[in-house]
Amino acid sequence: MMDLVDRIKEIEGVKVTVQRHNRVFVDVDKDKVIDTLYYMKHVLGITQLSFMNVVDRIDEGKFEIFYVLYERESKVNVIVRIWIDRDNPVIETADKIYPPAHNWEREIAEMFGVKVLGNEDAGKPFILENWKDMPPMRKDFDSVKYCNEHYVFRHSEEENE
Amino acid sequence: MSRTYELFIGPNHPGIPGNFSVKLELEGDTVVSAKGDPGYLHRAFEKSMENRYYIQNLALIPRICVPEPDINEAAYAMAVEDLMGVEIPERAKYLRTIVLEMARIAAYLFWMGGFAATLGLYTLSQWTVGDRDYALDLFAELCGVRVYHMYIWPGGVRRDAPPGWEDEVLAYVRYLRDKLIDYDNIFFKNVMFKQRTRGVAVITKEQAIEWCATGPILKATGVAQDVRKDDPYAAYEYIDFEIPTLTDGDSWARAMIRRWEFENSLNIIEQAIKKMPKKGPVWTKMPNPLKWRVPKGEAYAKVESARGEHGFYMVSDGTERPYRVAVRGSSHTHMFTIAERLLVGQRLADVSHILVSLDICPPEFDR
Amino acid sequence: MDRLTEEQAKTIANMLRKRSLWMIHYCTGCGAIELPPTMTSRYDMSRFGLAPFVTPRQSDILLVTGYVNIKTLRRIITVYEQMLDPKYVIGFGSCPINGGVYWDSYSVIKRLDRYIPVDLYIAGCMPRPEAVITAFRTLMDMIDQGKADGYKRYKRNLAYYKENQRKVLG
C-alpha cells in the first residue's frame, strides 16, 4: 500500500492524506483533476471508479467533488477530491477515462446544478421530473419549507372531500 | 429499409425488477439502443439524512435497498464508527456477520425466484419466496420486524440474540441445504435454463474492468474481487471461505456465481455460529444517542452486498447531524453503464432476464 | 319466476365480484417486497380468489405499495384511469397515509387520498402478509355491502381530484 502512496505523491501538486482502513485521500487542484485521473488509471493502473459525488461546502462557498477509486492489487481506496467555485460550478467530464462517471455526472448535474463540460447528457432530467425549483441537494434548499408549500399534510380526522 | 420503433418497458411491467423503466429502441425484435429512466423511487434520502440526528437516520437507511436492507445499516454503522474511532465487541461482530449473511441469503432466494420467473419457470419462485419467509421469521424473532431490521447500529448491534436463536438459524441452514438440491434439480441443472442463458449477454473480463463492475458480474468474468476478503469488516477475517469465479461472463455464469455465493453464505453462517463467543457484550458503551457528536472528517465505508460493492461516503462537521451522506449503490453502475451497453443487439425476449441477471435494484440508484 | 329487481341484480353482482379480484402487478414502492410472500406458497392469496395481473384494463385492485413519488404519482393516475369500473384502491403502509418517514422529503406526496380515491388503508411499515390478506378480506366485505365506492367518488368529485393533481404535477 505504501508503494502506491509513494507513487501518488510523485504527482505534481497533490496533497495526500492516509486514513486508516486503506483509504487514501488525494486533494488536487480543479484544473488538474482530469490529468490526475488519467494518470491514476493508465500509469498507476487504478481501474475502478466506485463512486463520485458532491459535498456542498456552503460556508466556504465551494463544492467539493470526490471520486472514489479502487486499486485492486493493493486493495486501497483512493479518494480524489477537488474544490470548485459554488457560484460558477463547472467541471470537466471524466467519462472518457472512467465510463461510470458519465451517469454519476448526470446525477450531480441534476442534484447540485454542477455544469459538466463534455457530457451532453448532464443537465437533462435524470431522476427528477418537471423540477422547477433550485437543485434540491444544495444546502440552501429547504426541503421542509418546500413540502409545506407544495404538499398537504394530514393533520387530524378531517373528511377528505 | 430499416425502421426502428421505441418501446417502453416499465415501470408497470412484470419483467422489470421493480419500479423503473427502460426505453428500448428496437428493430424487429433486436435492441438497437437502451436507456434507463430512473427516479420512480426517488425519496431524497441523502437530503433527509442531513436533517436528522445520527440515531434517527437508522430508521431511514434500511429503506434504501429493499430486498437486502442490512447492508445499509452495516455500512452506515461502519462509517460512523470509523469517524468516532469506536471498536465493536467480538460477539457483535459475529452477530453482524450472521445477520448480513442471512440477508444475503434472503436476497438471493428472492433473486432466484425472480430470475426463474423471467425465464418462465414460476415453480421456483413459489418455492424460494416461500423459503425466504422463514428467514424473515428468524429476523422477526431477533429484532421484532420482518423486513426493516434496524439491528446493526453504530457501536455494535441493538440487542443480543434471544436464547436458542442460533440453533434455529442452524436448523434453517440445514433446511436450505436440502432445498438447494431441489433448486438445482428443477432449475440450475435444467436444460432450458442453460439454453436460454448460455452465451447471452457476454461481458468479457476487460469490459467488466473497464465498466467498473463489482460483485457477481465481475466474479463471473474471472476476477476474484470481494469486499469481504479485500477489506474485511464484521467477522469475515476470522472466517474461511472461497470467492467463486467463472470465466464465461454470460447470463448463465452470473446465475451460477449467485448460486455458489448462496452456498457460501450457508457455510459462513455455520462457521460464524461455531466460532462466536457464547457470551459477552454486544454493544460498546456510547453516549446518549441524541447527543452523539461525531468528530469532523470524512469516511468511506463499504460492504459487499448481494449485487456488489455498497458504499457510504460520510462527511461530518462535528455536530449532531451528518453533514453529508452519499450512498453508492452498485446497481447505478450496473444499470446505466453496463446494462445500457449490454442490451444492444439482444433480443426483446431476453431483455428482462438480462436485467435480472445483472440484479438491478432500483431503490439503490434512485435513493 | 319474475325478473330480478335492480336491487337483487346488484346484490348478486357484488357477491360474484368480490370472489374474483385481480390485482394489478405494479410495484410502486418498497411495500412490494411483502407482496411475493403474500402471493406465493406460504400465504397464498389465490385461496381467496385473488391473483396478480399485468395489465390495467383487466385488473380490479390497484395496490399502492408504499410511498408515492411525484414521478410515480403520474403513472399511478394513468394506470388508475385506464382501469375499468368497478375498481378499488388500497393504500399500503404508512407512507400513502401521511408520508411516513418521508415527511420532509421534497419528492414524496403526503396524502394519497387527495389525488385518487382510496377505499382502504393498511397501516404499518411493513404490513405483514397477514395484514394484507385481512385488508383484502375487508375489501371483499365492503364490496358485498356496497361500501367500496371509490370509483364513484372519483367521478363525482373529478374537479377536486384533477385540481389537486394539477397542483402537484404541474
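Visitor: Which residues is Glu68(B) in contact with, leaving aside its neighbours within four places in sequence?

Guide: Two residues are in contact if their C-beta atoms, placed from the backbone, lie within 7 Å. Leaving aside those sequence neighbours, Glu68(B) is in contact with Ala103(B), Arg104(B), Ala107(B), Ser305(B) and Ala306(B). This is a predicted model, in which local features need pLDDT of at least 70 and side-chain atom pairs count only at pLDDT 80 or more, while totals for chains, interfaces and linings use all residues. Residues are numbered from 1 along each chain as its sequence is written, and chains are lettered from A and ligands numbered from 1 in the order in which they are written.

Visitor: Is Glu68(B) buried or exposed, and where is its place in the chain?

Guide: A residue is called buried if 20 or more other C-beta atoms lie within 10 Å of its own, exposed if 12 or fewer do, and partly exposed in between, with C-beta atoms placed from the backbone. Glu68(B) has 23 other C-beta atoms within 10 Å and is therefore buried. Helices (H or I, at least four residues) and strands (E, at least two) are DSSP runs, numbered from the N terminus, and Glu68(B) lies in the loop between helix H1 (45-50) and H2 of chain B.

Visitor: How do the axes of H2(B) and H3(B) cross?

Guide: Axes are lines fitted to C-alpha atoms, for helices over the stretch in contact, and angles run from 0 to 180 degrees between N-to-C directions. The axes of helix H2 (residues 70-84) of chain B and H3(B) come within 9 Å and cross at roughly 145 degrees. Asp70(B), Ile71(B) and Ala74(B) make the contact from H2(B), and Arg96(B), Val99(B), Leu100(B) and Ala103(B) make it from H3(B). When residues are sorted by class, Ala, Val, Leu, Ile, Met, Phe, Trp, Tyr, Cys and Pro count as nonpolar, Asp, Glu, Lys and Arg as charged, and the others, Gly among them, as polar. This helix contact has five nonpolar, no polar and two charged residues.

Visitor: Which residues have the most contacts inside the largest nonpolar core?

Guide: A nonpolar core is a set of buried Ala, Val, Leu, Ile, Met, Phe, Trp, Tyr and Cys residues joined through C-beta atoms within 7 Å. The largest one has 205 residues, and those with the most contacts inside it are Val78(A), Val80(A), Ala79(B) and Ile90(C). Helix H3 (residues 90-118) of chain B gives the largest share of this core, 19 residues.

Visitor: What is the order of the three strands in the open sheet of chain B?

Guide: Strands of a sheet pair through backbone hydrogen bonds, either parallel or antiparallel. Two strands pair if DSSP finds at least two bridges between them. The order in this sheet is E1-E2-E3 (chain B), with antiparallel pairing. Strand E1 (5-9) and strand E3 (30-37) of chain B stand at the edges with a single partner strand each, so one side of each is left without a neighbour in the sheet. Neighbouring strands are turned by 25 degrees against each other on average, direction ignored. Five bridges join E1(B) to strand E2 (residues 21-27) of chain B, and Leu7(B) stands opposite Leu24(B) in E2(B).

Visitor: Which residues of E4(C) are buried on its two faces?

Guide: In a regular strand the side chains alternate between the two faces of the sheet. In strand E4 (residues 88-92) of chain C, five of the five residues are buried, with Tyr88(C), Ile90(C) and Phe92(C) on one side and Val89(C) and Gly91(C) on the other. Strand E3 (residues 61-65) of chain C pairs with E4(C) in the parallel sense over five bridges, and Thr65(C) stands opposite Phe92(C).

Visitor: How many residues of chain C are in contact with chain B?

Guide: Here 29 residues of chain C are in contact with 29 residues of chain B. H3(C) gives the most to this side of chain C, with four residues, and the side divides into 14 nonpolar, nine polar and six charged residues. The contact between chains C and A takes 16 residues from chain C and 14 residues from chain A.
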